[in-house]
Amino acid sequence: MSQDANQPLWIQDRDTVIAQSADAEWRDSNPPDYSRTNSFLKSGSKYNHLEGSLEAIVQNLVRTFEMEASFKTNPQQWVSVVTEKFRMSTNGGPAYTAQDIVNVGTYNLFLTETEHYNPKEEDFESSYNLFINALPQGFVWEVIEVFSGPPNVTFKWRHWGTFTGKYKDYEPTGETIEIVGMSLVRVSEDLKIESVEHFFDTNAFLEKLTAGGKIVPGEKLETGCPFHNSES
């Protein structure tokens, strides 16, 4: 994708941000490789936002934030947020800092305790591995529609992935899992994120991952993650 070099880095393509983050402290010591996920994203995307449009800018900003939240372990190096102001909440719940996300992981802050998942028993790595094993092609994200512009940006989005690997001891269904939600992002004058509020049905995600029933004891099932770095 071509980029306007005059645009702030954080609203350019996510791979451009990675390429210009040579000194970043990466979770696995190396920057994430989205090449395979990008292919899956391109094939499954329903929206092709015009470059430079508000939708494309919001999409780039949030994808950059997701990348940094997942893989940059030093929040001071996140270019997508105003670190000292940043807070994130889900469905009106507690507001978390960037350091909270680094310590615990986004899944553990998004999901509440249920019979199928307990964030108190998972850390960043274990939660990440659970979901990337279930959705090995990635759990990719795109903007559907933007309803209001800066400084309070309200938009609708979709997350989706193909359930081809097991989730805990539950059979994969091979189906596409799609979650649709809304977010309100407050941004600074230079379009960095100061706060983000997400609103979506967190239980629906886990219900879809357990819909196939439990794996029959003794049954062989080939699973595994063909690549570690994936959009989450």
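**Cavity lining**

I sorted the lining of the largest cavity by residue class: 14 nonpolar, 6 polar and 1 charged. Here Ala, Val, Leu, Ile, Met, Phe, Trp, Tyr, Cys and Pro count as nonpolar, Asp, Glu, Lys and Arg as charged, and the others, Gly among them, as polar. The model is predicted; local features need pLDDT of at least 70, side-chain atom pairs count only at pLDDT 80 or more, and totals for chains, interfaces and linings use all residues. Residues are numbered from 1 along each chain as its sequence is written, and side-chain values use heavy atoms, with hydrogens and water left out.

I then asked which residues lie nearest the centre of the largest cavity. They are Glu66, Phe110, Trp157, His159 and Phe200, out of 21 lining residues. A cavity is a set of points on a 1 Å grid over the protein atoms alone where a 1.4 Å probe fits but cannot get out; lining residues have an atom within 4 Å of a point.

I looked up the volume: about 320 Å³ for the largest cavity. Volume is the space filled by probe spheres set on the points, with grid points joined across faces, edges and corners. I count 4 cavities of 30 Å³ or more by this rule.

Next I traced the lining to its elements. α3, α5 (106-110), β3 and β4 each supply at least two residues. α3 gives the most, with 5 residues. Helices (H or I, at least four residues) and strands (E, at least two) are DSSP runs, numbered from the N terminus.

**Sheet**

I read the strand order as β1-β5-β4-β3-β2, an open sheet of 5 strands with mixed pairing. β1 (87-90) and β2 (140-148) are at the edges; each has a single partner strand, so one side of each lacks a neighbour in the sheet. Neighbouring strands are turned by 25 degrees against each other on average, direction ignored.

I checked β3 (residues 152-162) against β4 (residues 176-187): they pair antiparallel over 11 bridges. Two strands pair if DSSP finds at least two bridges between them. Val153 stands opposite Val185 in β4.

**Helices on the sheet**

I noted α2 (residues 35-44) across β2 and β3, at about 105 degrees to β3. α3 (residues 54-71) lies across β1, β2, β3, β4 and β5 (193-199), at about 135 degrees to β2. Axes are lines fitted to C-alpha atoms, for helices over the stretch in contact; angles run from 0 to 180 degrees between N-to-C directions.

**Thr162**

Is Thr162 buried or exposed? Thr162, in strand β3, is buried, with a relative accessible area of 13%. Buried means under 20% relative accessible area, exposed over 50%, partly exposed in between (1.4 Å probe, protein chains only). I listed its contacts (heavy atoms within 4.5 Å). Not counting residues up to four places away in sequence, Thr162 touches residues including Phe40, Pro136 and Glu175.

Conventions
1 Å grid on protein atoms, 1.4 Å probe; cavity = no way out; pocket = protein on both sides within 12 Å on 5 of 7 lines; lining within 4 Å.
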